[in-house]
Amino acid sequence: QVQLVESGGGLVQAGGSLRLSCAASGSIFSIVVMGWYRQAPGKQRELVATVTRGGSTHYTDSVKGRFTISRDNAKNTVSLQMNTLKPEDTAVYYCNADVISELGLQNDYWGQGTQVTVSS
């Protein structure tokens with residue numbers, strides 16, 4: 001089993017910054033992809049950014065140039081630096097990891113979510 005624990009959410013004014021962090025623990029041989037998703041009230045969960053083990057990144061268009069995703073393979077952590085935040089970034093942010101376990105099984109795991117609120 002794998003656990004993802006997120007931290008770093010909160011309330012910030014528009015134009016401000018926040019940094020989200022997520023640590024994975026448990027039966028981990030390798031993490032293929034780590035990422036962040038978000039879900040605003042009344043909307044579907046959407047991808048924000050992903051990063052592969054090799055460091056390739058992908059961002060949804062609305063956050064390009066403002067958010068930066070990074071990971072530490074040795075520590076099984078992923079972070080999301082969010083700058084120039086906008087009210088429309090308000091959502092619950094979820095960490096996601098595509099994990100290969102020590103038994104060679106591959107599964108998708110989610111964190112519990114952390115609230116990000118951007119006031120105008």
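Analyst: Gladly! Let us start with the elements: helices (H or I, at least four residues) and strands (E, at least two) are DSSP runs, numbered from the N terminus. By that numbering, Ser101 lies in the loop between β9 and β10 (106-110). Please keep in mind that this is a predicted model, in which local features need pLDDT of at least 70, side-chain atom pairs count only at pLDDT 80 or more, and totals for chains, interfaces and linings use all residues. Residues are numbered from 1 along each chain as its sequence is written, and side-chain values use heavy atoms, with hydrogens and water left out.

User: How many helices and strands does the protein have?

Analyst: The count is zero helices and 11 strands. Read from the N terminus, the order is β-β-β-β-β-β-β-β-β-β-β.

User: What makes the protein as compact as a globular protein of that length?

Analyst: The test compares the radius of gyration, taken over C-alpha atoms, with the globule rule, which is 2.2 Å times the number of residues to the power 0.38. For 120 residues the rule gives 14 Å, and the radius of gyration of the protein is 14 Å, close to that value, so the protein is as compact as a globular protein of that length. Along the principal axes, the C-alpha trace spans about 50 × 25 × 20 Å.

User: Why is Ser101 called buried?

Analyst: Buried means under 20% relative accessible area, exposed means over 50%, and partly exposed is in between (1.4 Å probe, protein chains only). Ser101 has 11% relative accessibility, so Ser101 counts as buried. Contact means heavy atoms within 4.5 Å; leaving aside neighbours within four places in sequence, Ser101 is in contact with Ser27 and Phe29. In the protein as a whole, buried residues make up 42% of the 120 residues.

User: Asn76 and Thr84 both have a positive phi. Which is buried and which is partly exposed?

Analyst: Asn76, in the loop between β7 and β8, has a phi of about 55° although it is not a glycine. Its relative accessibility is 17%, so Asn76 counts as buried. Thr84 sits in the loop between β8 and β9, and has a phi of about 45°, again without being a glycine. With 45% relative accessibility, Thr84 counts as partly exposed.

User: How do you know that Cys95 is buried?

Analyst: Cys95 belongs to strand β9, and its relative accessibility is 0%, so Cys95 counts as buried. The C-alpha atoms of Cys95 and Cys22 are separated by 6.4 Å, although these residues are 73 residues apart along the chain. Not counting residues up to four places away in sequence, Cys95 touches several residues, including Cys22, Trp36 and Trp110.

User: What makes a set of residues a nonpolar core?

Analyst: The members must be buried Ala, Val, Leu, Ile, Met, Phe, Trp, Tyr and Cys residues joined through side-chain atoms within 4.5 Å. The largest such core here has 31 residues, and those with the most contacts inside it are Trp36, Leu80, Met82 and Tyr93. Strands that each supply at least two residues include β1 (2-7), β4 (30-39) and β8 (77-82), while β9 gives the most, with five residues. Not counting residues up to four places away in sequence, Tyr93 touches Trp36, Leu80 and Met82, among others.
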